[in-house]
Amino acid sequence: MNIIIIGCGRVGRTLAKKLNEDGNAVTVIDSDAENVKRVTDRYDVMGIVGNGATHTIQQEAGIESADLMIAVTGSDELNLLCCMVAKKASDCQTIARVKNPEYSGDAPYLKDELGLAMVINPEYAAAEEIARVLRFPFAVKIEPFAKGKVELIKFKLPKGNEIIGMSVKEVVMKYNSDLLICTIERDEESYIANGDFVFEEKDVISIVSTPKNAYEFFANIKCKGHTIKNALIVGGGVITQYLCGILEKSHVALTVIEKDLKRCEELSTLFGKVKVIHGDGTDHDLLLEEGVGKSGAFVSLSDSDEENVLLSLFAKGEGCNKTVTKVNRTDYDSVLSQLELDASVCPRVITSDTILRYVRATKNAVGSNVETLYNIIPGQVEAAEFIVRENSPIIGKPLHKLKFKKDVLIASITRDKETIVPRGNDSIEAGDLVVVVSKHIGLYDIADVLK
């Protein structure tokens, strides 16, 4: 596909990298020449310096022949204007990043009236992800599939857990678990699970299961954790505002620490049940005074990655059971994985995954569409959900008779209201929602899993 990206900030750079790796022809536009140079020097993409909202610059970028234009500048209004200009200039699809909470309720209206393919809100998506991991206190990450009927849950195996030293096959047989163990991360290596794989302490394990079966499994392996009743949040930005709105309905007692007095007043007005404190969230004495060590969860949402990491480590050191850390950079994922952090969230990765899913579904023309896409292990393992069409070559045959590529796992099949944990005699039928876990990055169609 020919794709134009307007905005070379964190999100734009991530998109340029991933869309280029997926084999698309990418052109980036930004008014800052240094930003454009940074992207074009690092990735095999074209770059244009200028105002992406002008018809002249979009023409120079080739808007008439573009298949997709993505506007991810720092301004919601500019992003929407870019899309309007692109729609007038060509028949290409358009995607706008819109993060202001004032526009969140208007997203469906904006999408329909402006003819957008997608309106994406990274901050709201990040808040949803944080809310999910707080539901399972021991979870590192939770990703929903099949409209929430199935979840991919990633967790770190605690020290001394009873499944350490057991194989995948032994765990499934002993606990009669109706779920699928998918991947294991160990010492910066990733593995697609097979029956003989033996668990070790501190392994990071991903399972695919219904929420009910996951609760039963974690209870059986004594990894249930405690329901979170209160949370302490540092930073009163947009993600915090969305998160308060979500968690307020879950009866979780919330305390927010924010430096800016005006922002404190805004949050207090919006959320009467949330305790908002005007203060410096990096002040250890203030954190101790607010009971950081006794909080059910500590969520660090400042604008600084380093600050967020250090605050989460401090909270863990004081005895907090669950920490969630916002990170904007993914360069140091290998370093972060060595730290005793529970869960992290990266809005730009959420954005790029969502847009990649749309691009792959649009490019697909064989037997299925990509419905959902997640990086289980960035750059190493993906989980993709496909809706299977009538003409797919994979339907109607028992799984054990199909010749799959190495490091591919059919993780779940959802048919109507039933979720099937796939075994060898199960088959895939037209209309099924199928989750595939694979080391083959960039699957466009479910048929791509076959040799």
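In this predicted model, strands E9 (residues 180-186) and E10 run antiparallel to each other and are joined by four bridges. Within this pair, arginine 186 lies opposite glutamate 189, a residue of E10. The two strands belong to an open sheet of five strands, ordered E7-E8-E11-E9-E10, in which the pairing is antiparallel.

**The sheet and its helix**

- From one strand to the next, the twist averages 15°.
- Helix H7 (residues 122-135) packs on the sheet, where it touches E7 as well as strand E8 (150-156), and the direction of H7 makes about 115° with that of E7.

**Nonpolar cores**

- In soluble globular proteins, nonpolar side chains tend to be buried together.
- Here the largest nonpolar core comprises 55 residues, and Phe155 and Phe218 are the ones with the most contacts inside it.

**Helix H1**

- Helix H1 (residues 10-21) has twelve residues and should therefore span 16 Å at 1.5 Å a residue, which agrees with the 17 Å that separates its end C-alpha atoms.
- The residues of H1 that are buried are Val11, Gly12, Thr14, Leu15, Ala16, Lys18 and Leu19.
- An α-helix has 3.6 residues a turn, so residues three or four places apart point the same way.
- After H1 comes glycine 23, which has a positive phi, near 90°.

Terms used:
Residues are numbered from 1 along each chain as its sequence is written. This is a predicted model: local features need pLDDT of at least 70, side-chain atom pairs count only at pLDDT 80 or more; totals for chains, interfaces and linings use all residues. Side-chain values use heavy atoms; hydrogens and water are left out. Two strands pair if DSSP finds at least two bridges between them. Axes are lines fitted to C-alpha atoms, for helices over the stretch in contact, and angles run from 0 to 180 degrees between N-to-C directions. Contact means heavy atoms within 4.5 Å. A nonpolar core is a set of buried Ala, Val, Leu, Ile, Met, Phe, Trp, Tyr and Cys residues joined through side-chain atoms within 4.5 Å. Buried means under 20% relative accessible area, exposed over 50%, partly exposed in between (1.4 Å probe, protein chains only). The expected span of a helix is 1.5 Å times one less than its number of residues.
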